[in-house]
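Have the sequence and the 3D view open as you read.

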Amino acid sequence: MTIPERPLADALAEGAVVLDGGLSNQLEAQGCDLSDALWSARLLADDPGQLVAAHAAYVRAGARVLITSSYQASFQGFARRGTDRAAARRLFHRSVGAAREAAERAGAGERVWVAGSVGPYGAVLADGSEYRGRYGLGVRELTEFHRPRVEALVEAAPDVLALETVPDAAEAEALLRAVEGCGVPVWLSYTVAGDRTRAGQPLADAFAVAAGNPQVIAAGVNCCAAEDVAGAVEAACAATGKPAVAYPNSGEGWDAAARSWTGSPTFDPARLGAWTAAGARLVGGCCRVGPREIAALAATAHGTSYES
C-alpha cells in the first residue's frame, strides 16, 4: 500500500500529532548497553536492528513522528572510535533509514514522519553541558560544528529536522543558520527550567530567533519537566506565531552518585488538553517516557480509552 506524501506542517494545521518517546530508555528496555559517549548513536554501527525495533515499538504505540538516533552523533565523536568521515556519513544516513524502516514495518498503512535529530553541541561532549549551555563558543563556531551534521542527515531525506534540546538562544541561532537553504523543514525545541532556557534567557527572547523564519514549522520545548510545558508553549506561540512542539521528560530525577533514577514520574497524558489549549500540536515524550506512556497520550489525543 502506498501512503500519500504529506508535509508534517499540513498535519499540524489540522490538530495534534503524536511524537515518540525516549529512544534510549526503550533501547535499554531491549537490553542495550548505552554506556558510551555516543549513547544510542553507537548502535548505528554496532546493532542497527535494535534501533529499528525501538522505533517500531513507538509506532505500534501510536507515534506518528519518529526521531532518529543521531542526537549525540557527530563526525568528531565517530572519529574517536576510528570511523572516517565517509563511514560516519553513512551512519548518519542509517539513522534516518532505521526510522524509515520501522515506519514501513509497523505503520499499518498510516503516515509516519521521520525527524532527523540534530542535538546540541553539549550532547556531543557527553558531560551534561546541554543542560547548561554557554559553551564558550560563538554563533559562528557552533554553526560550523552543526552544518556537516545537518548536511549528512539531509542527504538521507528525512521529512523534518528536529533541532532539539537546545539550551541556549545563541545555539538556536547557530542551528537555524546551519539548516538555512537545506530544503528540509525544521522544528526548534529548547530545554528549559521554569520560564527560562537552561542558559538563563527569558523564553520570549529565546523563541524570537525563530519568528518570521518560514523553514520553522514548530517551536517549543523538550527534555524538561511536564509542569513547565504549558507556559513555555504559550511563550513559543506568542513569539513565533507557529504551532508548538512539546515532549517533556518523565519527571524522575537522576542521582549521578548512585547512578539511579529517583522520585516518581509526573508525565501525565491528562496534561495534553492544557498543552493543546496553549498551542501545542506536536506532542510526545523525552527521557524515561516509553511506549506505554505514548500509547496513553495517543489515546488521549484521539479521544479514545487506553488499556495497558
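Predicted model: local features only at pLDDT ≥ 70, side-chain atom pairs only at ≥ 80, totals over all residues.

## Aromatic pairs

Residues are numbered from 1 along each chain as its sequence is written, and side-chain values use heavy atoms, with hydrogens and water left out.

How many aromatic pairs does the structure hold? There are 8, taking rings of Phe, Tyr and Trp (its six-membered ring) as paired if their centres lie within 6.5 Å, with planes under 30 degrees apart called stacked, over 60 edge-to-face and the rest tilted. Phe78 and Phe92 make an edge-to-face pair, because their ring centres are 5.8 Å apart and their planes sit at 90 degrees. That pair links distant parts of the chain: Phe78 belongs to helix α5 (residues 75-80) and Phe92 to helix α6, 14 residues apart. Helices (H or I, at least four residues) and strands (E, at least two) are DSSP runs, numbered from the N terminus. Phe78 is buried too, with a relative accessible area of 1%, and Phe75, Phe78 and Phe92 form one aromatic cluster.

Now for Phe267 and Trp275: with ring centres 6.2 Å apart and planes at 65 degrees, this pair is also edge-to-face. Phe267 counts as buried at 10% relative accessibility, and Trp275 is buried at 1%.

## Nonpolar cores

In soluble globular proteins, nonpolar side chains tend to be buried together. Here, the largest nonpolar core has 78 residues, and Leu161, Leu163 and Tyr190 touch the most other members. A nonpolar core is a set of buried Ala, Val, Leu, Ile, Met, Phe, Trp, Tyr and Cys residues joined through side-chain atoms within 4.5 Å. Helix α6 (residues 85-106) gives the most to this core, with 9 residues. Apart from it lies another core of 20 residues, among them Leu8, Val160, Ala218 and Val245.

Beyond residues up to four places away in sequence, Leu163 touches several residues, including Val118, Leu175, Val179 and Trp187; contact means heavy atoms within 4.5 Å.

## Ala178 in helix α9

Ala178 lies in helix α9 (residues 169-179) and is buried at 4% relative accessibility. Setting aside neighbours within four places in sequence, Ala178 is in contact with Thr143, His146, Arg147 and Val150. The C-alpha atoms of Ala178 and Glu144 are 7.4 Å apart, though 34 residues separate them along the chain.

## The largest pocket

The largest pocket has a volume of about 1100 Å³. On a 1 Å grid over the protein atoms alone, a pocket is an open set of points where a 1.4 Å probe fits, with protein on both sides within 12 Å along at least five of seven lines, and lining residues have an atom within 4 Å of a point. Grid points are joined across faces, edges and corners, and a volume is the space filled by probe spheres set on the points.

The lining has 43 residues, of which Ser24, Trp39, Tyr131, Trp261 and Cys287 lie nearest the pocket's centre. α2 (23-29), β4 (160-166) and β10 (253-255) are the elements giving two or more residues, and α2 gives the most, with 4.

Gln26 is in helix α2 and is buried, with a relative accessible area of 13%.

Definitions and conventions. Buried < 20%, exposed > 50% of the residue type's maximum accessible area, 1.4 Å probe, protein only.
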